[in-house]
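Please open the model in your viewer and keep the selection tool at hand. The stops below say what to select next and what is there.

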Amino acid sequence: MRVALELSCAMEPPLTGVGYAALAQAQALAALDDKPELRLFATPGPGGALPLPGLDTAFARTAVIPKARRLKNALWTRANFPPIEWFCGEVDIAHGLFHLLPAAKRAKRVVTVHDISFLRMPEVHTEFTRAAHTTMVTHAIRSADAVVCVSGHCRDELIGLLGANPARLFVVHQGIDTAEFDTELDTERLETLKRELGLHGDYFIHIGTIEPRKNLPRLLRAFGRIAHEDGAPQLLLVGKGGWLSKPSFDAIHDPALAGRVVHTGHLPRQDAIALLRGATACVYPSLYEGFGLPPLEAMAARVPVITSDAASIPEVTAGHAILVDPTSEDAIEKALRDHLHNPGAAQARIKPARTHAETLTWRRSAEGLMGVYRGVVGE
C-alpha cells in the first residue's frame, strides 16, 4: 500500500502539540512490520522546515514546498486541486494529519481531526484560527473517505456539532512511547535544570502552549491560595506563548506569585521530560482537549495527575487521575491540597495509571491507522 502523508504540522518550529503527534504517528507507521510505502508532502511555514527525526529513509518520495501553505489550503478546500499525486506519484491513500484533507485524483482521502474547540469554545481562538479550521474541518467531513478522530469524545463532537456521518468516523487514539520514560533518570541533568530555572525543591508542572484553552489564570489564582504555605511546591509552566495569551502572562507575572511560579518557554523535549519525571504532580486543568497528551505522558512517567473533568480527558485518563471542574478555582485548589495532604493516595494511583498508559502507545496508534487505510481501499 502506498500512503502519502501531509506532514506540514510536523515541520513547524518549535515542534509542539499536533506536530509532535503527527511525527510520532509517522515514525510508528514506518516501524511497523507490515508498513506501507510512505511518501511525504509538506508546505513548511514561515519559520522554515524542521527535520523529521527517525524518518530520514522512511519516505520513498518527498515533496516539500515552501511558501505555499495558504495557497494550498485554499485550493484544496475549494477546488480539490492540485492533486497530491502531482507531487508524490500514484498513491492509494492521501492522509492529512491535521484537519486539512488533501486533494487527490484517485487516492482515497483520509484526514485526522484533533478537536473542534474552535466551534465549541470560539472565544479561546482568534478570528483567523476559527475561520481557517472551520473551513478545513467542514470540508473534510463532507469529502473524506475516512475521518480519523483522536478520541471518542472528538467523534461525538463531530457528529453532534457538524452532523458528520458516523460510518466514516474512526477513533484512533494518540499515544506515548514508553521508552522515553523508562530510561534511567539523569538526576544530575535534572538538578542542573532546576538550579538554572530557580526551582528550590518540589514543584507542580504544567506542560502546554500558553493559550486560553489551557485555563492558566484559574490555575494560577487557585495555586496562589496555597503558594506561600509551608511545604507548598513551586509551579513550573513549560511551553511557548500562543495566541490570546496576555491574560495568562498577566497571571504568571502577578507580583504575589514572585518566586513561586516559573515559566520556561519552549524546552527541548528531553529537558521537558526530565522535568516532568521530577515533578510532584502534573497539573492540567484544561477547558477542552481533543485528546490531551500531557496527562497521559505524566501517567507514563509515573507522576500523579490533577486534571479536568472536561471533554476527552476522562476518556484518556480512565479513572487514574484526580479530576476537577476546570471552571472552579475552589475545585482546583482543593485538588492541589488533597495531593499535598494525602500523598499515599497519589502514590497509589501511579502503578495503575502507568499500566493504563502502556495500552496507549504510538505503535497501537499506527496499527489503528493501518486498519482505517485497509478499510477504505477495500483490503
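This is a predicted model: local features need pLDDT of at least 70, side-chain atom pairs count only at pLDDT 80 or more; totals for chains, interfaces and linings use all residues.

Residues are numbered from 1 along each chain as its sequence is written, and side-chain values use heavy atoms, with hydrogens and water left out.

**The whole chain**

The C-alpha trace spans about 65 × 40 × 35 Å along its principal axes. The radius of gyration of the chain is 21 Å, which agrees with the value near 21 Å for a compact globule of 379 residues; this radius is taken over C-alpha atoms, and the globule rule is 2.2 Å times the number of residues to the power 0.38.

Colour by accessibility, and 54% of the 379 residues count as buried, where buried means under 20% relative accessible area, exposed over 50%, and partly exposed in between (1.4 Å probe, protein chains only). Among contacts between residues at least 6 apart in sequence, 69% join residues at least 24 apart, a contact being heavy atoms within 4.5 Å.

**Helix 1**

Next select helix 1, residues 17-31, and find alanine 21 within this helix. Alanine 21 counts as buried because its relative accessibility is 2%. Beyond its neighbours within four places in sequence, alanine 21 is in contact with His114, Gln174, Leu293 and Trp362.

Stay in helix 1 and select glutamine 25, which at 5% relative accessibility also counts as buried. Leaving out residues up to four places away in sequence, the residues that glutamine 25 touches include Trp362, Leu97 and Val172.

**Helix 6**

Move to helix 6, residues 152-162, where His153, Cys154, Glu157 and Leu158 are buried. These residues are on the same side of helix 6, because they cover an arc of only 140° around the axis, the arc being that of the directions from the helix axis to the C-beta atoms. To see what covers them, show strand 5 (108-113), helix 5 (127-143) and helix 12 (313-317), which are among the covering elements. Just after helix 6, select glycine 163, which takes a positive phi of about 65°.

Most residues other than glycine have a negative phi, and most peptide bonds are trans. Another cis peptide bond joins phenylalanine 81 and proline 82, with omega about -5°, and proline 82 lies in the loop between helix 2 (69-79) and helix 3 (85-88).

Now select lysine 67, in the loop between strand 3 (59-64) and helix 2. Lysine 67 has a positive phi of about 60° although it is not a glycine, and at 85% relative accessibility lysine 67 counts as exposed.

Finish at arginine 302, in the loop between helix 11 (293-300) and strand 12 (305-308). Its phi is also positive, near 65°, and arginine 302 is partly exposed, with a relative accessible area of 39%.

Key. Helices (H or I, at least four residues) and strands (E, at least two) are DSSP runs, numbered from the N terminus.
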